Amino acid sequence: MKKGKKLYEGKAKIIYATSDKNLVIQYFKDDATAFNNQKKSTIEGKGVLNNRISEHILSNLSQIGIKNHLVKRLNMREQVIKLVEIIPIEFIVRNVASGSITKRLGIEDGTVLKEPLVEYCLKNDELGDPLIAEEHIYAFEWASKKEIEKVKKMILRINDFMIGMFRGVGIKLIDFKLEFGRIKNNGRSEVILADEISPDTCRLWDSITDKKLDKDRFRKDLGDLIPAYTEVAKRLGILHEQSNVSAVNVTKLSSIKRKK
Ligand code: 5GP
């Protein structure tokens, strides 16, 4: 597949055109940002790990019938994905209170929620992705009621599946962010899961120690982000348990191969 021109560059990913108008290439960068771009860094190897972890989760979701944009992983940093029209909403799913909800509502960090809580945020960096009500989505026509009803059903299945998948490898799924997009299917608009699912977009705590295995290691200056993401990949069976190859080495290896 031929990589075309750059269509869009976000905080953690770049989208390139391909020779097929319905497909694009998604490139995972090593850049990390937090607090609405106020904190920035480059963490070598992060993109490689997120590419692999997201591929693993999205292909597993496909197998349980959750349609998503992933076509195939191309290499260490790139995936072929379906071009979607992104719905401008971040869907936040919470099983345990942590992060912004603890500050906004004064809920104690680590409080287990009786049922999964779905929150909506407008995808708008300039406004800091503000929390919105479901009614705002309809008032400003960001999505239709039918689309949101479908998304809500998908979200609950995704959450159930991911809770089980992570529980099986000793990880608690605290919360995560999802994005959805529209594609045309036989002339009809259809909503599918888009973007990535990785330790950048989830809170993942070790089941026994509550050690953070996600982007909070960067947000809270806890360090050791690559070892934490590598631990997630190893537990999911993506990297071999006995493998001593760090993500950084993997990155270097792939760039050496490409230069040949
Ligand atoms: P919070 O609202 O507590 O900041 O985030 C809730 C969950 O959604 C966390 O797992 C967080 O990583 C994810 N999340 C929310 N907004 C964003 C975002 O703009 N980018 C990324 N990568 N994750 C987000």
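The structure is a predicted model, in which local features need pLDDT of at least 70 and side-chain atom pairs count only at pLDDT 80 or more, while totals for chains, interfaces and linings use all residues. Residues are numbered from 1 along each chain as its sequence is written, and side-chain values use heavy atoms, with hydrogens and water left out.

The protein chain contains seven helices and 14 strands (DSSP runs numbered from the N terminus, with helices being H or I of at least four residues and strands E of at least two). Its radius of gyration is 18 Å, close to the 18 Å given by the globule rule for 260 residues, so the chain is as compact as a globular protein of that length (the radius is taken over C-alpha atoms, and the rule is 2.2 Å times the number of residues to the power 0.38). The C-alpha trace spans about 55 × 50 × 35 Å along its principal axes. Of the 260 residues, 49% are buried (buried denotes under 20% relative accessible area, exposed over 50%, and partly exposed in between, with a 1.4 Å probe and protein chains only). Among contacts with a separation of 6 or more, 56% link residues 24 or more positions apart, a contact being heavy atoms within 4.5 Å.

The chain exposes about 13600 Å², of which carbon and sulfur atoms supply 52% (Shrake-Rupley method with a 1.4 Å probe; for residues, only the protein chains shown count as cover).

Helix α1 comprises 18 residues, 46-63, and reaches 26 Å from its first C-alpha to its last, close to the expected 26 Å at 1.5 Å a residue (the expected span is 1.5 Å times one less than the number of residues). Its buried residues include Val-48, Leu-49, Ile-53, Ile-57, Leu-58 and Leu-61. Just after α1, Gly-65 adopts a positive phi of about 90°.

In helix α6 (residues 225-235), eight of the 11 residues are buried, so this helix is largely enclosed by the rest of the structure. Among the buried residues of α6 are Leu-225, Ile-226, Tyr-229 and Lys-234. Gly-237, which follows α6, has a positive phi near 85°.

Positive phi values also occur at residues other than glycine. Asn-36 has a positive phi of about 55° and is located in the loop between β4 (31-34) and β5 (39-42). Asn-36 is partly exposed, with a relative accessible area of 38%. Asp-221 likewise has a positive phi of about 55°, in the loop between α5 (216-219) and α6. Asp-221 is exposed, at a relative accessible area of 65%.
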